[in-house]
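Trainee: I've got a structure open and I'd like to learn how to read it. Can you walk me through some features?

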Amino acid sequence: MTLLRANDLTKRFVSRGPLGAKTAFTAVDRVSFDVRLGETLAVVGESGSGKSTTARMIAKLLEPSEGTLEFEGEDVTRAKGAALARFRGNVQVVFQDPFSSLNPRHTVERILMAPLLYQGIAPDGGRRAHAKELMERVGLDPDHSLRYPAQFSGGQAQRIGIARALAVNPKLVICDEAVSALDVSVQAQVIELLRRLQRESGFSYVFIAHDLAVVRQIAQRVAVMSEGRIVELGTTAQVFGDPKDEYTRTLLAAIPRIDPEWERRRRERV
Amino acid sequence: GGGAPSPGAGASTAEPATGGTVHVLANADFSHLDPARGFDGGVNNFYRLIYRGLTTFGAGPGAEGTKIVPDLATDTGTPSDDAKTWTFTLKDGLFFEDGTPIDSEAVKFGFSRAFDPEAGIGSPYGRMLLDAPKDYKGPYLSGDLGTIETPDDKTVVIHLRKSFPDFPSALAQPVFVPFPKGTGAGAAFDSKPIASGPYKVASYQRNASLKLVRNPHWKRETDDVRAARPDAFQWTFGLDAATIDERLLAGQGADADAIGPSIQAATVARVQAPQFKARTLSGLGGCTTYMSLNTTKKHLGDVRVRQAINHAVNKDTVVAALGGSSLALKGTAIQPPTIAGRVEYDPYPYDVNKAKALLAEAGKAGGFSLTLDTRPVPKMQAVAVAIQEALKQVNIDVTINNIDTSTFYEVIGTPAQQHDAAITGWCPDWASGATFLPPLFDGRSITAKGNANLAQLDDKEINERIDEIAAMQDVEAANAAYGELDKEIMKRAPMVPLAYEKVVLVTGSNIAGAYLSDAYSGGIDLISVGLAEPTT
Amino acid sequence: MARYLAGRAAGVVLILFLVCLFTFIIFFTLSPDPAVMICGKTCTPERIDQIRGVLGLDEPFLAQFLGFLLGIFAGRDYGEGANLVHCAAPCLGYSFQTNQSVWDMVVERLPVSATVAIGAAVLWLLIGIVAGLLSAVKEGTWWDRAAMGLALGGSSIPNYVLALALQYVLVVQLQVLPFPQAVAFSDDPALWFQSYLMPWFVLATGYACLYARLTRANVIDTLAENFMRTARSKGLSPALTLRRHALRPALTPITTIFGMDFAALLGGALITETVFGLNGVGKMAADSIAKNDQPVIMAVTLLAAFFVVIGNVVVDLVYTRLDPRVRITAR
Amino acid sequence: MSELLVVEDLTVTFPTTRGPVDVVKDASFAVGRDETVGIVGESGSGKSMTSLAIMGLLPRGATTRGSIRLDGAELLGASPRDLRRLRGDRMSMIFQDPLSSLNPYYTVGLQIEELYRAHRGGTRAAAREVVVDALRQVGLTDPERRAGHYPHQFSGGQRQRVMIAMALVCSPSLLIADEPTTALDVTVQAQILRLLAGLREQSGMGMVFITHDLAVISSIATRVLVMRRGEQVEYGTAEQVFAEPRHAYTRMLLDSIPRIDDPLDEVSA
Amino acid sequence: MTVAAHSQQVAGPPATPPATSGRRVAGALLHDRAAVLSSAFLALIVLMAICAPLISLITGHGPNDFDTAAVNTDLGGVPHGPLGGISADHPLGVEPQNGRDILARIAYGARVSLLIALAATALTTLLGVVLGMLAGFFQGWADQVICRVMDFLMAFPALIFMIAILSSLPQGNRPVLLIVVISVFGWPYLARVVRGQTMTLANREFVEAARASGASTGALVFKEILPNLRSSLIVMTTLAVPGYVGTEAGLSFLGVGVTPPTPSWGQMIASSVGWYAVDPMYFAIPGTFLFLTVLSLTVLGDRLRAAFDSGEAA
Ligand SMILES: Nc1ncnc2c1ncn2[C@@H]1O[C@H](COP(=O)(O)OP(=O)(O)OP(=O)(O)O)[C@@H](O)[C@H]1O
Ligand SMILES: Nc1ncnc2c1ncn2[C@@H]1O[C@H](COP(=O)(O)OP(=O)(O)OP(=O)(O)O)[C@@H](O)[C@H]1O
Ligand SMILES: [Mg+2]
Ligand SMILES: [Mg+2]
């Protein structure tokens, strides 16, 4: 069943030169895809190819220049009021820049309580306890709940962002480079958490990442973007195993690997 | 009190030398340089430097300064038997600043300007006294004023609307200034007047500065009044009152040659220092500060209540509020001490018990409340509070009603708007009861707007007496009669004379020949002042 | 952008019109009759009516208002016969009190107010921003405490008290300055400067205190931003780091205030001009209110309104230039 | 191999309401010329604090102990003036969070240019050219135009590349790169890594490279430092750390690497 | 999740910190000498205002009782004795001219002045913040409307219009009228500053994040952006207090403010101006009270902010 459908989403940015001359730049060009219930759709691609812009549009944070967006079969492109509130309750975002997306004047606790507060949800045991529990889930020390964002490391800030997205039970989480700043062991933990939530609560994910290994682990389907367009869209196995597009092939070829020799020696030692 | 400068004290006795520039530090600019428009003590004093009339006030301290003397005319005029027609002869050798001779035509033209609807907003005596056709609208709109005869260049025959024995006094008003025929249309004189006096305007920047220099066509021998010692006068306008005081006390540089307005209450204590004492002038301002009692109001309709209020007001606290004994004298009579024929008496000494008794008699022992109109000027506020406190003792609850300064006179001058009482003042146009008692207490002069009879006293006896005195041909006798009328009116207690405010001035150390003129609200008589040692 | 500007221009005109209308209504309906004031103490109702006629106050409200507007754009005639004068556009009428052309009065006094405003603005910007910046950099030190205490004290002293006290100390007691005088710059530059020094300082004090505190608060906030760390990592001189990276974000909000304050000052500094006897628009306003001189009140109101409205437009434009993230939206 | 940077017993302490906390404890390592030292480790283990300590840019309140020497000159306790002269010129840093690390009020061109001119002087026009060149090197298309854009107009990866261009513009002898390629796709990442390797060879630049991508570290680092909870758990040559990790944490880390070729469990579509 | 819950949150006080931090903040303030001193002084002033009649009873001088014996009427009414007539009878001296007791007037004046200044500050802050933030946030027609209203109000030379309006309004309750008039003309100043900063902040990513979290516009504006405006607001509001005391003084001085003889600090300061050379205490005493009040408010504001900010660290 389709949870979210994007039809020909297009975004043009108009920037003004020093003399007021306008130049339009098409960051996203007629992008269409759908996300199914309980599925993870990964979006990979060139830096600057429009992944974050697409994510912002499907999260309804950016008005598309063209195209429509459907959520649970309903056209939400112009949703307002109650419809929008419902959409917000169902779709959460993890932002690419961890610090910029955290209010510098709020404590972590307050940041994590925000979605509950704004959506008027009162969990059992209170919001504060819920916030602490979320921190624990993403591997943060709950004792730090009264700290401000600036007092955390990049990876910790990113986990705050993830925890915030999980605070309410959303149907769709859009993760924009959600695990890029995490060390591999924490990353594995977080990915495991995401997958468990998917299994237990049927979350869907739009997962933007550069780490193709992570993508391979978590995604059922993969969309490859380049220069504002989706150049390839298919199941993970299909894209990784038998890439059709030239760009996809370059991408796969460029994945860095640990010297297989070292790898082998390490495994032998164990 | 002991330390207070006595009135008239400190007039600098030294004779001023000829030459130099006298600086005048002033708060506000003159209202108008056009004498048909301007009409207040300060500007009248100034007009004498550049304008001459048929008569003028004498030069000198005290009563000398309120005496009427001839100016352009050879004498103070020859009245007809009924004092309705007056004949004047002009002196020889009189010229305007441009060399035009001052002749009878110029006198007629100057007088007729009072009827111009635009220009004639100054002293009302021209329009009030001169006989003129009913629809006459001044020389610019209606042409010559035929009712003034000019049989020859030197003779002027003036016809009045009614008998007016004191006409020479009225003629000292600046509205009676000659001008060359045809000049002064629009507001021309407000920026470029044509001088007939010893000085002429050299430069004038409105609200900033005014410089007078000698008028070469003025002949000293034609003028017995004006000493005109300095070569020039220089006004600086728009100075803060406190700043003026500071500058005069400091007397730095050109400020040694400066004079200014009356000092602030806060400065009084400072001029007691010996080095300032010699430079301090003090005298009466020639006005009465009073509280009017509106006789048409419910409680104040009863004369006993008004008398009670007169007894209850503690004039000592009023004087304190006005800046203490050096800045004010307790008020007793309606007319201030500078007025000719005024009698010294105190009908209502401070006596709370008597006030209470009178109120009890009137059935108001329980008190009542009263609204007092006043201006939001600190001094007036202080007086209002002093009255409020005083009347509290006799259970009269005073509500102070502040009316913005710009609208104060309009409101209290509109009977429909005025409240029970108001704190205000009155200055005579010249030192006689004629310009004091009739405007304030003639019941027939009550008007719906611009009313001066704030008590709205309309007493047949008083009205008749006013007419009788006005008809008296002997000016001395009339003045004495006004003194008695003062007492008569105070029996009806239509007002509480609060105080006679004094003027205290500090002059620059180089100023000589300065005295306070009783004719000009206690300002330094400008025609006599000069410098002790002019620097060239 | 052009559309935005056109929109704003229309807004300016509309607001000035409304200000005109409101001022007219307030002074027409609420304020006392200026004729009575001119009439003086011995007055008759006929006389008042005559004066009202001369001043044109006997006409109905709408006629007066339209006459006033017409005067501004097309000029108008006053008086009749030999007294007739033509008042060329932009005509603001003639003062009830002095018969002077109000436009001339404004033109004559504006330079004084502008001199006061500009001098004071330079002074307060310099003092306020430098002190605020230093305080922020040295946050928590004795210098910070002293400067901020002083700033607080400075903003608690009313202008008029400061003016008189300063004059007493500097001029009367220490005699380091002369009493302020109205001299033109071309006549005596030294005296001109000395005369304006105290007004500048007095006016600047209150603002400098506010600006110092605001600058400090904003700079402290900015110093905590990550991009300040980047700036420091570049090895720029501390002065440049502060000036470019910390000050710009910190001062952006202050431009709003500055635009408003400065524009308001151009419309006249009532108290300071009065105390120091400066013949500026502020003093003109004070005088005209005291004398209920309606044409002059109208003019000073309009002038002040004009400056403020224009000031606000400029502020908005500058703001969008200063902060690239804020876009002009003309909707 | 002469050592460019020597860090000895570096300890960074933050005061908190629960008493002082050491976020870096006794870290010791060295970077030679023409060498890349990789720092890997747990998120929050003090990697960024270590690099900030080297640059002398720790947040207010933090205190340091130990010794940091660049070319033999002690940096801890050096005068702010001397440090300033080194920063940006001799040593540069690429910060972890590019959006908040760029000043939103200025175009990226100006932000790079001012750094160049502060150390190299020259006219604006000349600096402009250098800037455009640097932007081109990090793979931004149309660098002339992009130099005139504000940070918020860039994508995450583009910002990161701007930061890299900025750090490289003065060809520093020591580059500290804090997760410089996390927001880059693998092709661009490869390009950047090649660029850095080229610089290292050309000018003998030493580099401290912090990343979570162990594959990247294995391909560029000569020595590797593994950190956990502020402590240095392992330090050795890349080969040793990757092939013969001594510490259990390092091993755990290496075992957690997701592998492109064998997904943990294939999910049916 | 209900819509009703949303609107309730908007109406609530902006950005309430977690309750536990309340105790922490209180604790931190108690250990701060400056904060304790400031609170003590403010408490003293409030107490003085409340107990003004008691003070009059003890000293035996009402706020309007003339004491001509305490001043030298021959010298323009300078108080007898040094330091503005400070004596056992008049602990803070007397007014020149009429000898009213300054202590009594300060105490009674505190009622009026503080009421007006604090209420006007509160009202202008409320209006300025709410309208300024809405204008800055929406930037559409709401901005246009609010901005034009602000332009309109600011375009009037405030003093002239306050005089015109106040002098034509019925006497009524003067302090309340003053508060209303001052606030109506005062809020646009703050609102414009707030609007500008809001425009900048509205484009920050954390606002976007909060929007994605489902924040209503009200919540975005008042819970996410407002805390970031705190620094400017604290400065502007604390300085507004002396500003409004000054405005009240000016208006009272011009006769459209508090009706005499009701004392107010502003009036006292205004009328002390002329006496600066002869009786400096007349200005110094009300001036000091005003200064200390403002200082206390500012220090308290600063310390409160610091206490909230410190979070875990410090
Ligand atoms: N101002 C501060 N006050 C207290 N603790 C802080 C402060 N800043 C950072 N920390 C703590 O210091 C520790 C080290 O942070 P650092 O940024 O060095 O981590 P990191 O290794 O770079 O992690 P990441 O990989 O997530 O970026 C973290 O646990 C962080 O919470
Ligand atoms: N506000 C803006 N104004 C102008 N151009 C913009 C703006 N925001 C993004 N862009 C441009 O749009 C393009 C797509 O940006 P986007 O952030 O979607 O890329 P991305 O795929 O997320 O890249 P990355 O992986 O580097 O984060 C980029 O070229 C960027 O420069
Ligand atoms: Mg992106
Ligand atoms: Mg880090």
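Mentor: Let's start with one residue: Thr236(A) sits in helix 8 (residues 236-241) of chain A. Helices here are DSSP runs of H or I with at least four residues, strands are runs of E with at least two, and both are numbered from the N terminus. Keep in mind that this is a predicted model, where local features need pLDDT of at least 70 and side-chain atom pairs count only at pLDDT 80 or more, while totals for chains, interfaces and linings use all residues. Residues are numbered from 1 along each chain as its sequence is written, chains are lettered from A and ligands numbered from 1 in the order written, and side-chain values use heavy atoms, with hydrogens and water left out.

Trainee: Is Thr236(A) buried or exposed?

Mentor: Buried means under 20% relative accessible area, exposed means over 50%, and partly exposed is in between (1.4 Å probe, protein chains only). Thr236(A) counts as buried because its relative accessible area is 3%.

Trainee: What does the side chain of Thr236(A) reach?

Mentor: A polar contact is a pair of N or O atoms within 3.5 Å; within protein, one must be able to donate a hydrogen and the other to accept it, and residues adjacent in sequence count only if both atoms are side-chain atoms. Here the side chain gets to the backbone oxygen of Gln220(A), at 2.8 Å. For plain contacts, look for heavy atoms within 4.5 Å. Leaving out residues up to four places away in sequence, Thr236(A) touches several residues, including Val215(A), Ala219(A), Val222(A) and Gly241(A).

Trainee: Now helix 1 of chain A. Which residues does Thr54(A) contact?

Mentor: Setting aside neighbours within four places in sequence, they are Val28(A), Val31(A), Phe33(A) and Met225(A). Thr54(A) belongs to helix 1, and its relative accessible area of 5% is why it is called buried. Met57(A) is in helix 1 (residues 51-58) too, and it is buried at 2%.

Trainee: What does Met57(A) touch?

Mentor: Again without residues up to four places away, its partners include Leu9(A), Val28(A), Leu62(A) and Leu69(A). For a C-alpha to C-alpha distance, take Met57(A) and Thr77(A): they are 20 residues apart in sequence and 9.2 Å apart in space.

Trainee: What about whole chains? How many helices does chain C have?

Mentor: Chain C has 13 helices, plus two strands. Of its 331 residues, 58% are buried.
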